[in-house]
Amino acid sequence: MRVLPFLTLILTAVIAAFSLPARAQDSVQVRGGAHDGYARLVFEWPQATTYSVTKEGNRVLIRFARAGTYDPASISAALANIKTVKTLSAAGEPLQVAVEIPEGSRFRDFTVGSKAILDVYDPPSAAQVMKKEETPAASVPERKAEAQEKTAAAPKEEKAAEKKPAEKKQAEDFSVTQGEAGASAPVQKVESSAVAPPAFDPHVITLTSITS
């Protein structure tokens, strides 16, 4: 009869072991709200929890570091920018959710205390998309006109380039170098007839000594 208490103890331990993951899961408060230009999704944990965000197609994948559960009915179905929110993780595993957003929508994520917040912005309107697509086509004539202006201006530039060397040459023809500026005028040969010196009569000077 001692076997029965032993089996009861083992059964209790097994039940406790299987129930641990469920007890380890946190209860996460999830809510959504519509704002001017964007929709907001808030995951409020009992304590601050790290997470990562990636984008695959039109889905934003949020992977939390802790296991948690939430009530899908708490998310408003009237959020235009958040189509669906699906849980990808199994019970007891770190919580992973996939948020489906419209094509072309931008998003951002940040934390405030223990809250992880995802904002999904309105997608561009059809008019904005058409305007963006038409902009390159409208610029083609402008680029063509600009190319024609450059082609027409090219001969003028070439003619101006041809005139510049001639002007420079003409300026050089009239320039005076330093050596030429210091040179004197050519010496002209002057013919002159020889003039004979005037004739002088010889004088005889006699020196006498006077004694007393």
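In what order do the strands of the open sheet of four strands stand? The order is β2-β3-β9-β8, and the pairing is antiparallel. The legends below describe close-up views of a predicted model.

**Figure 1. Overview of the chain.**
The chain contains three helices and nine strands. Read from the N terminus, its elements follow the pattern α-β-β-β-β-β-β-β-β-β-α-α. Of the 212 residues in the chain, 19% are buried. Counting contacts between residues at least 6 apart in sequence, 52% link residues at least 24 apart.

**Figure 2. The open sheet of four strands.**
Four strands in the order β2-β3-β9-β8 make up this open sheet, with antiparallel pairing. The edges are taken by β2 (29-35) and β8 (107-112); each has a single partner strand, so one side of each lacks a neighbour in the sheet. On average, neighbouring strands of this sheet are turned by 20° against each other, direction ignored. Strands of a sheet pair through backbone hydrogen bonds, in either a parallel or an antiparallel sense.

**Figure 3. The pairing of β3 with β9.**
Seven bridges connect strand β3 (residues 38-44) with β9, in the antiparallel sense. Arg-40 has Asp-119 in β9 opposite it. Leu-41 also belongs to strand β3. The C-alpha atoms of Leu-41 and Ile-117 are 5.8 Å apart, while 76 residues separate the two in sequence.

Neighbours within four places in sequence left aside, the contacts of Leu-41 include Val-30, Arg-31 and Gly-32. Ile-75, Ile-82, Val-85 and Val-99 are also among the residues in contact with Leu-41.

Strand β1 (residues 26-27) and strand β5 (residues 59-69) run parallel and are joined by two bridges. Here Asp-26 lies opposite Gly-68 in β5. β4 and β5 run antiparallel, with six bridges between them. β5 also runs antiparallel to strand β7 (residues 94-100), again with six bridges. Leu-61 takes part in pairing on two sides: Leu-61 in β5 is the bridge partner of Thr-54, and Leu-61 stands opposite Ala-98 in β7.

**Figure 4. The hairpin of β4 and β5.**
Two residues lie between β4 and β5, which form a hairpin. In the turn, Gly-57 has a positive phi of about 65°. In a regular strand, side chains alternate between the two faces of the sheet.

**Figure 5. The largest cavity.**
How many cavities of 30 Å³ or more does a search of the whole structure find? The search finds one. The largest cavity holds about 40 Å³ of space. Its lining consists of Phe-43, Tyr-51, Val-53, Ile-62, Asp-109, Ala-116, Ile-117 and Leu-118. Two or more lining residues come from each of the elements β4 (51-56) and β9 (115-121). β9 provides the largest share of the lining, three residues. By type, the lining residues of the largest cavity are seven nonpolar, no polar and one charged.

**Figure 6. Pro-123 and Ser-105.**
Pro-123 sits in the loop between β9 and α2 (126-173), and Ser-105 sits in the loop between β7 and β8. At 32% relative accessibility Pro-123 counts as partly exposed, whereas Ser-105, at 7%, counts as buried. Residues up to four places away in sequence not counted, Pro-123 touches Asn-81, Pro-102, Glu-103, Gly-104 and Ser-105. Ser-105 in turn is in contact with Val-120, Tyr-121, Asp-122 and Pro-123, its neighbours within four places in sequence left aside. Between the C-alpha atoms of Pro-123 and Gly-104 the separation is 5.3 Å, and the two residues are 19 residues apart along the chain.

Note on methods: Residues numbered from 1 in each chain as written. Predicted model: local features only at pLDDT ≥ 70, side-chain atom pairs only at ≥ 80, totals over all residues. Heavy atoms only, no water. 1 Å grid on protein atoms, 1.4 Å probe; cavity = no way out; pocket = protein on both sides within 12 Å on 5 of 7 lines; lining within 4 Å. Points joined across faces, edges and corners; volume = space filled by probe spheres on them. Nonpolar A, V, L, I, M, F, W, Y, C, P; charged D, E, K, R; others polar. Buried < 20%, exposed > 50% of the residue type's maximum accessible area, 1.4 Å probe, protein only. Contact = heavy atoms within 4.5 Å. Pairing = 2+ DSSP bridges. Axes fitted to C-alpha atoms, helices over the stretch in contact; angles between N-to-C directions.
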